[in-house]
Amino acid sequence: MRWFGFGFNAFGQIRVRGRATSAASGDVAAEVKVIGPTEVTGHEGRSGRRLKTCRIKASWSRRASLHLNGDSCVCLAGFGAATSDESCGVSVVVSRGCTDASIGELHLTLVFPDRIESWDLQKKEETPSWSMELEPQSESSGPPLNLPLVTGGYIATKPPFYRSLSPHLKAKSLALGAEHAILLCATGAVYTWGLGSHGQLGHGGLTSEEEPRAVEALWGMTMSSVATGGWHSVCISDGGDLYVWGWNESGQLGLPSRGLRKALQQQSSQQAAGAACQVADSSPGEEVFISIQAFPALLDVAPSCEIRTVSCGSRHTAAVTTTGDLYTWGWGEYGQLGHQKLISSDEPKCVEFFREQQLHVVDVTCGTWNTFAAVIAEEVASS
Amino acid sequence: MKTCSSMATLWSKISAVLPPGEEQFPLQFSDTVESSLVDVLKRSRRQLYGDAASSSSRAIDAQIILDFSWEKLNTGTWRHVDKEWRRLYAYGCLFKVAALCREGPSADNVPQAVRTCDMGLLMGAAIMDNILQVIVGILQGEVRKSSKEEDDKTEQVEVKRLKIECPRAPVIRGELAVPRVKCPSLESFNTNHLLPLKPVILEGIIDHWPALNGHRWSIEYLRSVAGCRTVPVEVGSRYTDEEWSQTLLTVDEFIDRYILNEDGVTGLGYLAQHQLFDQIPELKEDIRLPDYCCLGEEDEDDITVNAWFGPGGTVSPLHHDPQQNFLAQVVGSKYIRLYSPEDTDKLYPHQSQLLHNTSQVEAENPDTERFPDFAAAPYLECVLRPGDVLFIPVRHWHYVRSLELSFSVSFWWS
């Protein structure tokens, strides 16, 4: 499985930045904003062999690559990564034997069979800033750990790290946004809580919730996975349908966004006329713009497509279909949509690069302003 | 047209107000700000004083700071946003302005730089002795220099256009009229109006304002003083409507679009409830704080001064505010209706937290079926004209409709 990344790269978290200090103007832009999918080079293990990257997690300024075969370890690229000894610009974290990890801007959380550790990324310390023992997992003790979920609760992105969840909820998977959370239960029901100011909780209003509250609009449908962006939420039904709600100011919901159209109009008129001017709203007569979607809405990503997995950055969304295509939409000014352009979009578009290279996308994970896709070769997929 | 040499002078003027070197440029932030972002800030500071960086590199790093802090500013409620993020946003604006003004003869850079300063002033917090205010002053000087020739031509055209709208003002019945008094003493105002919380129109108390004399406010004057500045504008008939929204426009754009209606836009736009006088110090010099404000308990600095500038037809729905208000009319006229807090039970306030100070009733077109008691609520009314100052006591309900092009200044004090 190979990984490709695109989007924000100011810290070299997708590919290492050149050392040249007198970078020509074009080079700097190309380095900071990786507009087309670029392969993420694997890390060399002790034996000198390239380790397989099983999973990638990304924050704003870093990428964590999880190598979970044999010498399980986590490699960090991006801000603060060692640039001297490692040729590929990563530093290996003390993580032998770890089974999963997640990364925020301030902390790296590592899961081991017997414990969880949170390391403060801003300090170079010998020990984790927080840790918790785990009961040894046996076959009968329920579903395996699914970060950020742990037994009886979850690991938050800021202290207090461990937060409990009622066992009645039968938590199956959890996604944490900056200020809200979405929980998928074993029953297929979805609960949300946290800040509601941008409709991201899906209860139809803008009020916040302190405790998990069921998203009633999805009652009766079985959901199979959930994801959060900065101000939006997404979930996939077991039939492969995608539901979206929350803020749409950059088109991250895939619904018509007035703000986006205006910004694109202004950009093109600036280029044409060579001067900033306010263009009159030439909005197509009947079109309805949505800036906040407070109830879940079904999004047609692509005709007759089932969605396999989805991930969100702060203001963009990326979805993988069961047929191996990657679709992206939302904020794109750092190249995080992967369409070889630095523009945003309020309509899902296929990332053509993978089709052209005959690569079958199987997974996707987003950092705040970038996107990482896992691919296998077409022949392997269809065999 | 901007020449290379005039851009060079602009840069030297701006350099002169920046700290002399990297060591004197402060970048102190609390732990709330992530080290990764501080890294970008330091790089921006290095690039500000070094020559090696390219213009696109400076612009990109400034934009990273802006995009990151913009996301923080939009997290949670505005009131609770950590001031650090507002400071960060202002730093981003500063670095962006520096990048714009530094190179390139493009005439578009100056208006963009002005707009960037304004964004920093509107959304950011003051940094480095309010350096963005200083810089925008320098930039405005540049803008005025290059647009001087075009001014005289447009004046005639605009005066003609405005003559079209002059609707008949409502007739105010004697018994319902807000009482008027000319230049009362502090004591008599206190005794007869402030303490009993009774509305009154004060006449003659702003006659000395430059805004009504030497610097008489007009469209041409506002354009010359603030035309290129970016301000928040309310779009839509009233803030209780679903279609209501806020946007950012330059004063020129606002005048063209919503006052002169150049592109045939049908909606209303209102430069409302904006602290314009903090943003544009020249306008602040044209007004004075009413003496009667000293009867309050607060510091002068805590008094909120807002500008209200818009075409005829703008409406502020019936609502009340938590402070005393002096509403000074400078240009044009407004129809205003006042209801006492004692009659709140007949005014059907909204239930929601957000709009609990606003009535559900359209004061001049009440739905008598939904709001039957409204007709029985007693009120006072007036037409406020240039030179008038209306005293709206704290929590007194008021409804305002502009009758023509209007500019008012409100003073909220306690």
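Is A:Arg315 buried or exposed, and what is its relative accessible area? A:Arg315 is buried, with a relative accessible area of 4%. Here buried means under 20% relative accessible area, exposed means over 50%, and partly exposed lies in between, with a 1.4 Å probe and protein chains only.

The structure is a predicted model, in which local features need pLDDT of at least 70 and side-chain atom pairs count only at pLDDT 80 or more, while totals for chains, interfaces and linings use all residues. Residues are numbered from 1 along each chain as its sequence is written, chains are lettered from A and ligands numbered from 1 in the order in which they are written, and side-chain values use heavy atoms, with hydrogens and water left out.

## Salt bridges

Over all chains, the structure holds 28 salt bridges, a salt bridge being a side-chain nitrogen of Lys or Arg within 4 Å of a carboxyl oxygen of Asp or Glu. Side chains of opposite charge can pair when their charged atoms come close.

| Salt bridge | Closest N and O atoms |
|---|---|
| A:Glu31 and A:Arg17 | 2.9 Å |
| A:Arg315 and A:Glu249 | 3.6 Å |

A:Glu31 forms a salt bridge with A:Arg17. This pair links distant parts of the chain, 14 residues apart: A:Glu31 is in helix H1 (residues 25–32) of chain A, and A:Arg17 is in the loop between strand E1 (2–8) and H1 of chain A. Helices (H or I, at least four residues) and strands (E, at least two) are DSSP runs, numbered from the N terminus. A:Glu31 is buried at a relative accessible area of 17%, whereas A:Arg17 is partly exposed at 22%.

A:Glu179 lies in the loop between strand E14 (171–176) and strand E15 (180–185) of chain A, and A:Lys158 in the loop between strand E12 (153–155) and strand E13 (162–164) of chain A, so the pair ties together parts that are 21 residues apart in sequence. A:Glu179 is partly exposed at 32% relative accessibility, and A:Lys158 is partly exposed with a relative accessible area of 43%.

The partner of A:Arg315 is A:Glu249. Because A:Arg315 lies in the loop between strand E22 (307–312) and E23 of chain A and A:Glu249 in the loop between strand E20 (242–247) and helix H2 (258–273) of chain A, the pair ties together parts that are 66 residues apart in sequence. A:Glu249 counts as buried at 17% relative accessibility. Elsewhere, salt bridges that share partners join A:Arg55, A:Lys57 and A:Asp100 into one network.

## Strands of chain A

Strand E5 (residues 73–78) of chain A is mostly covered, six of its six residues being buried. In a regular strand the side chains alternate between the two faces of the sheet. A:Cys73, A:Cys75 and A:Ala77 point one way from E5(A), A:Val74, A:Leu76 and A:Gly78 point the other way, and all are buried. Strand E4 (residues 62–67) of chain A pairs with E5(A) in the antiparallel sense over six bridges; two strands pair if DSSP finds at least two bridges between them. Within this pairing, A:His67 has A:Cys73 as its bridge partner.

Strand E23 (residues 316–321) of chain A contains A:Thr317, which is buried at 0% relative accessibility. The C-alpha atoms of A:Thr317 and A:Gly229 are separated by 7.6 Å, although these residues are 88 residues apart along the chain.

## Backbone features

Most residues other than glycine have a negative phi, and most peptide bonds are trans. A cis peptide bond joins A:Leu147 and A:Pro148, with omega about 0°; A:Pro148 is in the loop between strand E10 (130–133) and strand E11 (149–150) of chain A. The bond from A:Pro159 to A:Pro160 is also cis, with omega near 0°, and A:Pro160 is in the loop between E12 and E13 of chain A.

In chain B, B:Cys183 is not a glycine but has a positive phi of about 40°. B:Cys183 lies in the loop between strand E1 (180–182) and helix H7 (186–194) of chain B and is partly exposed at 44% relative accessibility. B:Leu197, likewise not a glycine, has a positive phi of about 55°. The loop between H7 and strand E2 (200–203) of chain B holds B:Leu197, which is partly exposed with a relative accessible area of 34%.
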